[in-house]
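Subject: Structure handover

Hi,

Here is the structure I promised to pass on to you. Please have it open while you read, as my notes follow below.

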Amino acid sequence: MERGSLCVVVPCHNEEQSLPVLFKRMGTVEPALSRWLDEPIQYVFVDDGSTDDTLSILRSEHAKRPSVHYVSFSRNFGKEAGLAAGLRKALDLGSQFISVMDADLQDPPELLGEMFARLEDGFDVAAAYRTTRAGEPPIRSWFAERFYGIINRISDVEIKSGARDFRLMTRRVVTAILSLPENSRFSKGIFSWVGFRTAWIPYENIERERGESSWSFFSLARYALEGIVAFSTVPLELISILGLLTCLLAMLFLVFVLVRALAFGDPVAGWPSLMCVILLLGGAILFGVGLVGLYLSKVYSEVKRRPLYVIAEEA
């Protein structure tokens with residue numbers, strides 16, 4: 001593997017407490033990476049509509065070190081938009097190697113050396129995954145494991161359980177990732193979909209160094225649902241099967257009612273069973289319509305062709 005340039009992409013949202021620590025940690029890591037690099041590391045921080053002093057810190061750091069770049073959105077567009085903007089900026093800077101990591105230091109920068117070693121072995125991507133979820137609420141960990149189990153069963157791509165966005169990629173991998181034009185992005189799925197040889201590096205979960213996560217349980221659940229919709233049509237197929245089974249059940253129930261009426265008459269009005277059938281069919285229909293509407297909303301979002309993000313300032 002030839003020596004080249006490295007760009008580290010870091011999406012940020014209200015990370016004023018974490019950024020100084022990240023700069024310090026990266027300063028201790030940079031000398032160990034020099035054997036693979038022919039110029040100083042470049043950084044691209046994407047300020048995703050932060051309401052604290054994140055942008056001020058980035059401006060100050062850029063003034064001291066021109067190798068620190070930043071992109072500031074006009075509002076909060078979400079982490080997926082931040083990743084896309086950061087990767088595009090990294091390509092524009094001409095970097096041969098591009099890394100993605102979180103600002104909260106749950107992605108240990110010290111793993112970059114091992115990642116470069118794996119690329120040296122012939123891999124195109126070196127990605128990190130957590131072997132434990134120590135420190136997370138048990139209910140959150142349980143739902144996360146169920147999500148990976150479900151999406152790997154119903155989608156065409158395999159997403160490793162515990163996988164992080166933290167990874168080191170060659171330029172051609174990032175070019176392939178950005179060639180996907182969709183606005184409804186789920187990076188973990190996109191990383192797997194584009195393929196390329198990937199080396200997985202395990203590490204134990206690390207809690208945030210500073211500050212608090214902006215991801216609530218609801219936002220994570222919504223993100224997981226978007227991932228399933230983006231990489232699988234199996235839910236639509238299940239709805240079709242459910243509709244067929246419901247029709248068969250209704251026909252069997254109709255035969256039962258007719259036989260009972262012919263054999264024994266119908267002295268009872270039968271409204272409880274009627275209400276059960278109505279509720280069953282109504283619930284199945286509403287569930288199916290809601291699921292189809294979810295897919296349709298994604299189509300609606302894509303055909304509008306709105307930009308993924310709006311940049312207010314960059315350097």
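Two strands count as paired if DSSP finds at least two bridges between them. With that in mind, the bridge partner of Tyr-129 in β6 is Ala-163. Please note that this is a predicted model.

**Overview**

The protein chain holds 10 helices and 8 strands. Of its 315 residues, 43% count as buried. Among contacts between residues at least 6 apart in sequence, 83% join residues at least 24 apart.

**The sheet**

An open sheet is built from 8 strands, ordered β7-β5-β6-β4-β1-β2-β3-β8, with mixed pairing. At its edges are β7 (198–203) and β8 (311–314), each of which pairs on one side only. On average, neighbouring strands are turned by 20° against each other, direction ignored.

β5 is worth a look. It runs antiparallel to β6, joined by 4 bridges, while its pairing with β7 is parallel, over 6 bridges. In β7, Ile-201 is the bridge partner of Ala-128. As for burial, 6 of the 6 residues of β5 are buried. In a regular strand the side chains alternate between the two faces of the sheet. Here, Val-125, Ala-127 and Tyr-129 point one way, and Ala-126, Ala-128 and Arg-130 the other, all of them buried. Note that Arg-130 is included in that buried set.

β6 has another antiparallel partner: residues 163–170 of β6 pair with residues 97–100 of β4 over 4 bridges. Within this pair, Ser-99 stands opposite Leu-168 of β6. Helix α6 (residues 171–178) packs on the sheet, where it touches β4, β5 and β6, and its direction makes about 120° with that of β6.

**The cores and helix α1**

In soluble globular proteins, nonpolar side chains tend to be buried together. The largest nonpolar core in this model has 35 residues, and the members touching the most others are Leu-6, Leu-22, Leu-33 and Phe-45. Helix α1 (residues 19–33) gives the most to this core, with 7 residues. Apart from it lies another core of 28 residues, including Ile-98, Met-169, Val-174 and Ile-177.

Which residues of α1 are buried? They are Leu-19, Val-21, Leu-22, Phe-23, Met-26, Val-29 and Leu-33. These buried residues pack against β1 (6–12), β2 (42–47), α2 (54–64), β3 (68–73) and α4 (112–120). Leaving aside neighbours within four places in sequence, Leu-22 is in contact with Val-10, Phe-45, Met-101, Ala-103, Leu-105 and Pro-109.

The 15 residues of α1 reach 20 Å from the first C-alpha to the last, close to the 21 Å expected at 1.5 Å a residue. α1 also has a kink of about 30° at Gly-27, shortly before the proline Pro-31.

**Two backbone angles to check**

Most residues other than glycine have a negative phi. Leu-105, in the loop between β4 and α4, has a positive phi near 65°. Is Leu-105 buried or exposed? Leu-105 is buried, because its relative accessible area is 1%, and buried means under 20%.

Phe-196 also has a positive phi, near 75°, and is found in the loop between α7 (187–193) and β7. Phe-196 counts as partly exposed, because its relative accessibility is 32%, which lies between the 20% and 50% limits.

Best wishes

Notes:
Residues numbered from 1 in each chain as written. Predicted model: local features only at pLDDT ≥ 70, side-chain atom pairs only at ≥ 80, totals over all residues. Heavy atoms only, no water. Helix = DSSP H or I, 4+ residues; strand = E, 2+ residues; numbered from the N terminus. Axes fitted to C-alpha atoms, helices over the stretch in contact; angles between N-to-C directions. Contact = heavy atoms within 4.5 Å. Core = buried A, V, L, I, M, F, W, Y, C linked by side-chain atoms within 4.5 Å. Buried < 20%, exposed > 50% of the residue type's maximum accessible area, 1.4 Å probe, protein only. Expected span 1.5 Å × (residues − 1). Bend = angle between axes of the 7 residues up to and from the residue.
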